[in-house]
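Subject: Structure for you to look at

Hello,

Here is the structure I promised to pass on. Please open it beside this email and follow along.

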Amino acid sequence: MEIVVCVKAVPDAETRLRAANDGGTFDIEGVKFVLTGYDESAVEQALLLKEATPGTKVHVVSAGPPPRTEEVLRASLALGCDSATWVEMPAGVAADPVLAARALARAVAAMPHDLVLCGKNALDDEAGVVAGALAELLGVPDFSSVLDLRWDAGASRLKFQRATEAGTETWEAPLPCVVALQRAWNDPRTAKLPMILKSRKLPISKVAADPAAPAAGTSRPLKFELPPARTGAKILEFKTPDEAAQKLVKILKEEAKVFP
Amino acid sequence: MTGPTLVVGEAEDGHLSDATKEAVGVAQSLSGKENVVGFVAGSASRAIAVGFGRVGVARAYLAEDPRLEGAVGAVVAHLVAQAADAAGAELVIVGGSTFGRDLVARLSVRWNASVATGVTALSRHDGFLEVRRPVFAGRATETRKLDGAHAAVALRPHAFPAPADAAGEAALTPVPLDTVPPALWNAKRLGLTATVRGAGPSLTEATIVVSGGRGVRSAENFHLIEELASSLDAAVGASRAVTDAGWRPDSYQVGQTGKAVSPQLYVAVGISGAIQHLAGMVSSRVIVAINTDASAPIFKVADYGVVGDLFQIVPALTQEVRRVRGR
């Protein structure tokens, strides 16, 4: 099976967010970009499928600007992906999820792809649009909110669960398809030092962005705002647990007005 | 954009879902009540489509066919694009659900629409739409401009009021299915062996969430959290420490790699407040923290703090909530 995993470089969770000078996006000055969240889990899922299915190859693809995109591709190679492909895009263009999906589709269409894995959404823009748009561009079905993915080689079927508002659905589907993973591993594998060193020298295939692609999406950021800083909790004073409970309920009812 | 707005409906227990009604409310205030058209696709969805009339939508498209039961999202996207074109719509609005987000993703390509998901505010300007949406798990908000001939927007759940139900029936226009490319039917769902709905409100939809963390100390003690949640009709969440330890399943996890929640009230019990966790709950309206450690970071983001032993505070709180609510 040929598995393609799509990943995006996003700011590390510890990043202190600030608006950039243009006011429309966040300031990337000093920000560390990493492979994280659902994308990191998608890589983990791909490698687990590879281990369980002889003859499987895992190809990682990312669309975005240097140097962050190359860094997450090398991080994926260090984890055990077999090949990496980079569609270089200017930062502003890559920020539009539909244009990113179009760039990814161009690269994925040119490589063998039985199963295309994406994270549910990137942890920065949280659009969650790439998997569906990619499936539409590739002309294959897509399944979102997927929890648990197994390949039944005998039946030639993917078996998985989807978590939707209606509950948990159990599915089987033939390949090819696009799967957006909801499941996040809290302890995905970490790269071993020899692999990290080796990954620095591994080749990365570059795919030129489509010369006919638009320079800007039809969805553009205008403003990036941070909520007013929280000033810290009002700490309740009390002598007994009962007094604490009474005070809290009174506050929730009369001051915060959130008591049911 | 001056054409009608198409609202794509979703069913919930045989009626239009709350998320759909919220979308109807947004469409009506944006385009005018007369300028909103409904859409429903399903295997037995006539009554649901007619139900658009109850929230003031006079006309709805209906795609009804047994094959739509378990069809892939691409089929629905195809039919929505077709109905939107037939209606002369320039904007499609859908509720904030898994279905809605998937549909909008597909329409970005199939209907060549500029799209946004998780939208909390929407306004129409000269020739473009402006949307606001939380990003970075609620740590920031972005305003985006959507231009182009078509736009498709998925809302954030509970961000908008739903219009009140009244009497009324929408007049239906059938959507023909013969234009669906045959290959899309081949990609139909093969099996649905279980649909299990959990007890209590779901974590992402609940108006109150009570979460327990490492401070709860064991799986056996977690009933304290569940009893407090039950007294408040709240959903139960957990920090990563709890799901990692296997005290509760992964589906309980609130945080960056778990669920992002934004309830009216979030009660964090025995949770220190690692960034991982904060990323999933910091956009809650009111946050209460109960923790023995007065220097825990959770108190920096909480509105109200109780510094004390959760094993004493939580049972007292549960009892007080029950007393005040008379149950």
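Below is what was found, topic by topic.

Please note that this is a predicted model.

**Chain A as a whole**

Start with chain A. Its secondary structure comes to seven helices and 13 strands. Its C-alpha atoms fill a box of roughly 65 × 50 × 40 Å, taken along the principal axes. Of the 260 residues in chain A, 49% are buried. Now take the contacts in chain A with a separation of 6 or more. Residues 24 or more positions apart account for 72% of them.

**A covered helix in chain A**

Find helix α5 of chain A, residues 130-138. How many of its residues are buried? The count is nine of nine, and the helix is mostly covered. The buried residues of α5(A) include A:V130, A:L134 and A:L138. A:E136 is on that list too. Just after α5(A) comes A:G139, which takes a positive phi of about 70°.

**A loop proline in chain A**

Next, go to A:P188. It lies in the loop between β10 (177-181) and α6 (193-199) of chain A. Is A:P188 buried or partly exposed? A:P188 has 18 other C-beta atoms within 10 Å, so it is partly exposed. A residue needs 20 or more to be buried. Leave aside the neighbours of A:P188 within four places in sequence. A:P188 is then in contact with A:E40, A:S41 and A:E44. A:R200 is twelve residues from A:P188 along the chain, and their C-alpha atoms are separated by 21 Å.

**The seven-stranded sheet of chain B**

Move to chain B. Seven strands form an open sheet there, in the order β7-β11-β6-β1-β4-β5-β12. The pairing is parallel. Which strands sit at the edges? They are β7 (114-119) and β12 of chain B, and each pairs on one side only. From one strand to the next, the twist averages 25°.

Some pairs to trace in this sheet:

- β4 (residues 36-42) and β5 (residues 59-64) of chain B pair in the parallel sense over six bridges. The bridge partner of B:G38 in β5(B) is B:A60.
- β5(B) is also joined to β12 (residues 171-174) of chain B, by four bridges. Here B:L62 stands opposite B:P174.
- β6 (residues 91-94) and β11 (residues 151-155) of chain B run parallel, joined by four bridges. B:V94 has B:A154 as its bridge partner in β11(B).

Two helices lie across these strands. Helix α3 of chain B (residues 73-87) lies across β1 (5-8), β4, β5 and β6 of chain B. It runs at about 150° to β4(B). Helix α4(B) lies across β1, β6, β7 and β11 of chain B, at about 165° to β11(B).

**A sheet built from both chains**

A second open sheet has six strands, in the order β13(A)-β18(B)-β17(B)-β16(B)-β14(B)-β15(B). Its pairing is parallel. The edge strands are β13 of chain A and β15 (235-238) of chain B.

Where do the two chains pair? A:I235 has B:G305 as its bridge partner in β18(B). Further along, β16 (residues 265-269) and β17 (residues 286-291) of chain B pair over five bridges. B:L265 stands opposite B:V286 in β17(B).

Chain A also sends a helix over these strands. Helix α7 of chain A (residues 241-255) lies across β16, β17 and β18 of chain B. It runs at about 175° to β18(B).

**The contact between the chains**

The contact takes 77 residues from chain B and 62 residues from chain A. On the chain B side, helix α4 (residues 98-110) gives the most, with nine residues. That side divides into 36 nonpolar, 23 polar and 18 charged residues.

**Two helices side by side in chain B**

Finally, compare α6 (residues 223-231) and α10 (residues 310-325) of chain B. Their axes come within 9 Å and cross at roughly 20°. That makes α6(B) roughly parallel to α10(B). The crossing is left-handed. Among the residues in the contact are B:L224 and B:L228 of α6(B), and B:V314 and B:L317 of α10(B). The contact residues divide into six nonpolar, two polar and two charged.

Best wishes

Methods
Residues numbered from 1 in each chain as written. Chains lettered and ligands numbered in written order. Predicted model: local features only at pLDDT ≥ 70, side-chain atom pairs only at ≥ 80, totals over all residues. Axes fitted to C-alpha atoms, helices over the stretch in contact; angles between N-to-C directions. Parallel < 35°, antiparallel > 145°, perpendicular 65-115°, else oblique. Left-handed = near helix turned anticlockwise from the far one by under 90°. Contact = placed C-beta atoms within 7 Å. Nonpolar A, V, L, I, M, F, W, Y, C, P; charged D, E, K, R; others polar. Pairing = 2+ DSSP bridges. Buried ≥ 20, exposed ≤ 12 C-beta atoms within 10 Å, placed from the backbone.
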